[in-house]
Amino acid sequence: MKAFLRTTPAVRSHITRTNHLRLISRPAAASVHTAPELKDKSLFKEQSYINGQWVNAKSGKTFEVHDPATGKLIGTMPEMNKDDVDLAIKAAADAFPSFKKTTGRQRSKMLRKWYDLIIENSEDIAKLITWENGKPLNDAKGEVSYAASFYEWFSEEAPRLYGDTIPATVPGNRVYTVKEPVGVCGLITPWNFPAAMITRKIGPALAAGCTVVAKSPGETPYTAAALTELGHRAGIPPGVINIVTSLENTAEVGGAITASDTVKKVSFTGSTGVGKLLMKQSADTLKKLSFELGGNAPFIVFDDADLDIAVAGAVASKFRSSGQTCVCANRIYVQSGIYDAFAKAFTEKVNQFKVGPGFQEGVTHGPLIHDRAVSKVQAHVDDAVQHGAKVLAGGQKLSDLGANFFAPTVIRDMTKGMKISSEETFGPVAALFPFNTEAEVVSLANDAEVGLAGYFFSKDTQRCYRVAEALQFGMVGINTGIISDPAAPFGGVKHSGFGREGSKYGIDEYVTVKTVTLGGIGDLQGS
Ligand SMILES: NC(=O)c1ccc[n+]([C@@H]2O[C@H](COP(=O)([O-])OP(=O)(O)OC[C@H]3O[C@@H](n4cnc5c(N)ncnc54)[C@H](O)[C@@H]3O)[C@@H](O)[C@H]2O)c1
Ligand SMILES: O=CCCC(=O)O
């Protein structure tokens, strides 16, 4: 109810009109909020955003969003369908002709203003992230600066969208290229980084001069809405950013985006399965695509590694967002000479974690996003134990804290046939596999359908080059467990998808290269 009271009068009147039955019929427990206090209450929006206006679904339907830490209701969002998506696509298409004519410098200023507003409001945005995603407030603050950094970065790229001057093969011809915005872009992002995944797409799209229809994640739509409100305040013109929301209708919304011939590009971050579906759906309209899909990252510790650095790297890589990032270590391979020492030191660190609701002081790790995630984690642990692995820490749900909490877990004596060796857990389970030789572990690491991130730890410089070259992954971390950086290209190979986000390459995903050939310029008279 508190969230309801924080909405604007216009929104309240609409919700009252369309939802009064649901509001009054909700069970008492479900309507009790543990709402964080926002400095700017108008950042909490329970509507979608089309053509510069906050709107409801045309059908009037809504879906509920729940706090993963408490299970309590946060609020509702419009349950949009194809009709709403078509309106958003039309708004983006109508805005495109004038937005594409803005200069890179003008777009740079808009993105910079948006960046500044996010930084000014970072505490509120972080609270929204913690509320709907569950991650501890400090991590949420980190995500806000990471998310904002993509607007800063692409505000700097926008004025530097250079083409080439090309020496022609044909005498008398002159050839040059121009990078043009691809057009209306459909962006689909997951819940694990409610802010950063969407800014990593909107930043380069706008920098290139594209307009967008973004579908925010059904589990975590409020962060995207708050960012959009700040974009509105930054003066992004109507129709340039459109945010559609859905939960149950997500497949229909994805179908409408991919089927549209007006949408020229789809950028998706999420699971490999959904990525493949969207690629099939996009075939008829031959869209430009970039897909950041699932991972199953190997994390290799060689005997010659610095033990403390390797342990710190494993803690950071494995347990970031309670294991719910696509680049989290999933298979931790430790060489036999250092295996026992690593297992002991690593387990000691994991035992120091404090699990709890993300707003609670001192909490280092929050809940998982929902009960399906908890069930998958439990299934992976049970499978490993049934096949002979030994639990060193955790291994079970923390039901006393709430339905979505799972104890940070360390398991040793993992072997190749176990589920974790071939499936991404996406949760707080560190599985330690022993190995003996460099060739053996490189082969194990590469024996995966996916290839997003891989990590290894060694003090041997020659080995560092050798193994980095041999690993079949889009990103390799050497002696570090954190590789995310707006300046560094982010993306995978194999079934982890294609395309790169962030970095100097990120903007290329949103442009087409036009070649201009001027023929027969002739010779100067008299020369
Ligand atoms: N490579 C990366 O950069 C990256 C980043 C984050 C997450 N991921 C991957 O995402 C997965 C976890 O996220 P998830 O479980 O929410 O993934 P998911 O694929 O189920 O969902 C991702 C997004 O796609 C939407 N979606 C689902 N079905 C859709 C459909 N038919 N049409 C259109 N949209 C649809 C969801 O609503 C959500 O917004 C993991 O596999 C993880 O590795 C990858
Ligand atoms: O979960 C995927 C993205 C995480 C990151 O950008 O570091």
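For the residue classes on this tour, Ala, Val, Leu, Ile, Met, Phe, Trp, Tyr, Cys and Pro count as nonpolar, Asp, Glu, Lys and Arg as charged, and the others, Gly among them, as polar. What you have open is a predicted model, in which local features need pLDDT of at least 70 and side-chain atom pairs count only at pLDDT 80 or more, while totals for chains, interfaces and linings use all residues. Residues are numbered from 1 along each chain as its sequence is written, and chains are lettered from A and ligands numbered from 1 in the order in which they are written.

**Stop 1: the domains**

Start by colouring domain 1 (42-293 + 502-512) and domain 2 (297-485) separately; these bounds come from an automatic or database domain assignment. Taken over C-alpha atoms, their centres are 31 Å apart. Now look at where they meet: 18 residues of domain 1 are in contact with 20 residues of domain 2 (contact means that the C-beta atoms, placed from the backbone, lie within 7 Å). On the domain 1 side, select helix 5 (122-133) and helix 6 (137-157), the elements that give two or more residues to the side touching domain 2. Helix 6 supplies the largest share of that side, with 4 residues. By class, this side has 7 nonpolar, 7 polar and 4 charged residues. Helices (H or I, at least four residues) and strands (E, at least two) are DSSP runs, numbered from the N terminus.

**Stop 2: ligand 1**

Next, select ligand 1 and show its surroundings: 25 residues, the closest being Gly254, Gly270, Glu292, Gly294 and Cys326. A residue belongs here if its C-beta atom, placed from the backbone, lies within 6 Å of the molecule. Helix 9 (250-259) and helix 10 (272-281) are the elements that give two or more residues to this shell. The shell has 12 nonpolar, 11 polar and 2 charged residues. Which domains contribute to the shell around ligand 1? Domain 1 and domain 2 each provide at least three residues.

**Stop 3: ligand 2**

Move on to ligand 2 and pick out Asn192, Phe193, Ala196, Thr325, Cys326, Val327, Ser484 and Phe490 around it. Here the classes come to 5 nonpolar, 3 polar and no charged residues. Domain 1 and domain 2 again each give at least three residues, this time to the shell around ligand 2.

**Stop 4**

Switch to a cartoon view and find the open sheet with strand order 14-15-16-13-12-18-19 and mixed pairing. Its edge strands are strand 14 (390-393) and strand 19 (475-478), each pairing on one side only. Neighbouring strands in this sheet are turned by 25° against each other on average, direction ignored (axes are lines fitted to C-alpha atoms, for helices over the stretch in contact, and angles run from 0 to 180 degrees between N-to-C directions). For a parallel pair, select strand 12 (residues 297-301) and strand 13 (residues 329-335), joined by 5 bridges; two strands pair if DSSP finds at least two bridges between them. In this pair, Val301 stands opposite Val334.

**Stop 5**

Another open sheet has the order 5-6-22 and antiparallel pairing. Strand 5 (165-166) and strand 22 (511-518) are at its edges, each with a single partner, so one side of each is left without a neighbour in the sheet. Select Val178 and, opposite, Lys514 in strand 22.

**Stop 6: a hairpin**

Finish with strand 3 (residues 62-66) and strand 4 (residues 73-78), an antiparallel pair joined by 5 bridges. The hairpin formed by strand 3 and strand 4 has 6 residues between the strands, and Gly71 in the turn has a positive phi of about 80°. To see the pairing, select His66, which stands opposite Leu73 in strand 4.

Technical notes: Two residues are in contact if their C-beta atoms, placed from the backbone, lie within 7 Å.
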